[in-house]
Amino acid sequence: MSQRNWIRLVVLLVVLADIGWRLFGSGSTANDQYPNRAITLVVPFGPGGESDTFARMIQKAVKDNGFLDQEIVVKNVGGAGATIGSGQARKAEPDGYTMMILHEALITAQASGKVSYGPESFEPIAASGKTSMVIAVAEDSPYRTLTELMQAAKEAPNELVFAANLGAPVHYAGLILEKDFPGAHFRYTQKGGGASRFEAVIGGHADVSAFSLGEYVSFKDGGLRAVAISSAERHPEVPEIQTALEQGFNFVHANMHFWWFPKGTDPQKVSLMAGVIARCMAAPEVREKLALRLSEPYIATGGAMQEMLQTRIGKIQSVDATSPDVLPNIPLWVSIATATSLLVLVVRRLRHSDSDLQQETTELIEEEPEAVERKGRLPRLGNAGLFVLMTALYLLALEYLPIDFRIITAIYMLDVAVLCGGYKNEDLQKLFTKSYVPEMAILVPLLVHFVFQSFFSIQLP
Amino acid sequence: MNEVIYELTIGDPVNLLWVGIGTMLGILVGAIPGLTGAMLIALSLPLTYSMQPAEAMVLLVSMYVGSISGGLITATLLRMPGTPASVITTLDGYPMARAGKPGRALGLGIMASFVGGLISWIFLALLAEPISHLSTELGDFDYFALVLVALVLIASISSKSLAAGVFSGFLGILVTIPGESPATGDTRWTLGIEQLNNGFDLLPVLIGLFAVSQVIHEVTSREKQVESVSQVAPEGILLGAADWFRHLGNMIRSSVIGTWVGILPGIGANVGSVMAYSASKSVSKDPDAFGTGSEEGVVASEAANNATIGGALIPLVAMGIPGSVIDAILLGALILHGLQPGVLLFRNNPEIVYTIILTMLLANVVMFAMMVLSAKWISKLATIPRVYLLPVVIVFCVVGSYALNNRMFDVWVMLGFGVAGFVMERATIPLAPFVIGFVLAPIAEEKLGAGLQAANGSYLPLVTRPVALLFLIVSVVLVVWPMMKTWLRSRAKEE
């Protein structure tokens, strides 16, 4: 057998294996009972963060204990304060096969005007896990209690710097405290994640910040001191921290992970999923992992969850998150600078166009004679347009046509090969007899699909 | 410590195997445009659930080292940076390869990567704890001034046509405006498109500008093979002692710059290579060669981007503060395995800290061996006929952009910037300043915003804080110096 036939045989075998694997390998037999295929869980943050870790822990518990017949597939859609992911989950089919995990950021994003929708655009499934918040200052700070801190914020309003993640729950912790102590005002500064806030506090760039209990415990030896914890009673792991409640503040709060379906999902599916999450939270390995992170295996569903959600929404909406505007209008300045530099460039090019061109050619001749020759042969600019058009069509097909990724990609690869090979009509036959392009166009999409879907568990469009 | 060494080498060969697998996968992913180390490590994270924590860290850190190094292969041979960290390598690596020295260009890059990794490893091993405390001393204004220095370097690396470079840089900054303001979290310029709330992501923009625009360029070309490297001479990969010695000063300087940039949170390998490249250019005897195939340029960029690995690991192991995106994922991996990073890690799980430190050294050695041995084979990449190469590259670009956030929007962004990059190239507007502006502007805006918020709108700390003032002066000098030089030169000519 010739080399070509060997390669063809391999391609054929791979294709057959793929079809066979899909028909018989996955073992799932279609039935009408929900769920009969994998459920996508949208995590609106990048991998590795608090929400992602929590989601994957539940995903694993569901799989290991067989709480569902089908798998849950985690889909990270990060960015813009979780609004990219929440927007995607909101627009998903309410068929019970897309759900989302997202904490209060769903409420705060709406309250701060970042997006127009909030919890009302979703069906809440359950609230799970409970992590207290800790208000902390630097070790050498003069403030030892929450009262001392708030008193200072009242005596010199807008002087104490609060390291926050603007528009996120940490920011609201400060705002809710202010509301409880009329006259007190912090100066909020954008710091983002826990590590940056910690750094700002111990470096003396901010006076105070809020941390999750887990963050606090890991950072405290770096020079943090807690002034209050947001739990109703003192926490057994850190009994030395006074609660905000016992210092006279009505600040009882815990960060929780809420689970959501798109609006309009069948209530039966909602309660089934709520049951699954509740069973996960009772699983010993989940409890063990949560204890390590100082979270409680709390779970609320149905009416209890609805009530709690309403209280939180009310509390968050009762405060005003707008900070005094002290920043320059950066978009304006950048636009002006770009326009000016473009003007300078155009003027210079127009003025020097003749001399520049001459210089360029002499340079080219000195450096590389063949480059000049190449310049003489005009590039096929039409091809660029064709290529872009083809790619756009390919992307549209991926996005909107219900055809498998592998088939569309194979066709697209063939097209690109024809285009860049410069084949003419009469040469097309050569493509199939003289080259391995068709084999490649079949194999590569299969391999890419296999690697992404099976190894990285990313669902391709 | 001795136990860790024993465990990592002879005691448990499994760990050595993980170093090999991790480094190899890292190099592979690093070399493929569209796939980055961050992606590989994030996606491998679930696979480490069942491993011991130390094993998991061995695998992930090896992937980190491999992925930053692998990018130089495609950057040099195809002018498509495999990872964002090797954008600067394309400036000189590719012209070298085109001039018939692809083997030597690869060899220099590999050597510099190795030395950069080693030098930053020494910093990591010796100074992990003391240095990390320094980074918290720096305030927002200090960071802003530092980033400003890196931003004005745009001017110095585009001396051939200053006006085009500056315009390109501002254009890059302008592209960061749509989406979420890094200073306040408010969204702006989104035209009501929700998908734009997060702005344009770094990865699709870079893939578009460098890989897709290059594919478009190739499609329009009349040559049969990829235009980049016509004849491959793989000799020269293993450099002689004279070469090592000649570039030693450059490598040490670039590595130290890379390490220090790595230590600072939020600015990663990309900035490190820009700063080292500019520094090398300004002290070079032959600054005009930069950008046309200068050996020093390749060495500076590659030494620095590998050096940022060790630098960025320092605050991670010492304080639990990630110095880059990949470090943030490593941090997540530690938490996932029930380990609290930070000072506690040193006290409670010193074996994990030493494992991370030792793995970096081992992976660096393995990377060097793998790259040297396979470079001959890898450099053949450039001789693959276009009909095979381009379809595969473009499919990887599409899938990689999609996989980043699981959305088609990023793929459209990639295509859009591919066209933009192609047009800019044809108009002879350099791409490097665009990328620098695009990467640095959000950091600068965030730091300036946070500083102004904390100072209630006052710019005074920029001149009252000694570090900020120092960087501010440096950036002014960097702006004025090239102009002075041109002016003096033109005066000398007249006389």
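A salt bridge, as the term is used here, is a side-chain nitrogen of Lys or Arg within 4 Å of a carboxyl oxygen of Asp or Glu. In this predicted model, a search of the whole structure turns up 14 of them over all chains.

Some of these pairs join up. In chain B, a network of salt bridges links B:Arg104, B:Asp243, B:Arg246 and B:Glu295. One of the contacts runs between B:Asp243 and B:Arg104, with their closest N and O atoms 2.8 Å apart. It ties together distant parts of the chain, since B:Asp243 sits in helix α10 (residues 241-246) and B:Arg104 in helix α6 (residues 102-137), 139 residues apart. Both B:Asp243 and B:Arg104 are buried.

Another salt bridge pairs A:Lys191 with B:Asp140, and here the closest N and O atoms are 2.4 Å apart. This pair crosses between chains: A:Lys191 lies in the loop between β6 (187-190) and α7 (194-202) of chain A, while B:Asp140 belongs to helix α7 (residues 140-157) of chain B. Again, both A:Lys191 and B:Asp140 are buried.

Back within chain B, B:Asp410 and B:Arg407 form a salt bridge, their closest N and O atoms being 3.2 Å apart. B:Asp410 counts as buried because its relative accessible area is 0%, and B:Arg407 does so because its value is 2%; the cut-off is under 20%.

Helix α4 of chain B (residues 53-78) is worth a look too. After α4 of chain B comes B:Arg79, whose phi is positive, near 65°.

Technical notes: Residues are numbered from 1 along each chain as its sequence is written. Chains are lettered from A and ligands numbered from 1 in the order in which they are written. This is a predicted model: local features need pLDDT of at least 70, side-chain atom pairs count only at pLDDT 80 or more; totals for chains, interfaces and linings use all residues. Side-chain values use heavy atoms; hydrogens and water are left out. Helices (H or I, at least four residues) and strands (E, at least two) are DSSP runs, numbered from the N terminus. Buried means under 20% relative accessible area, exposed over 50%, partly exposed in between (1.4 Å probe, protein chains only).
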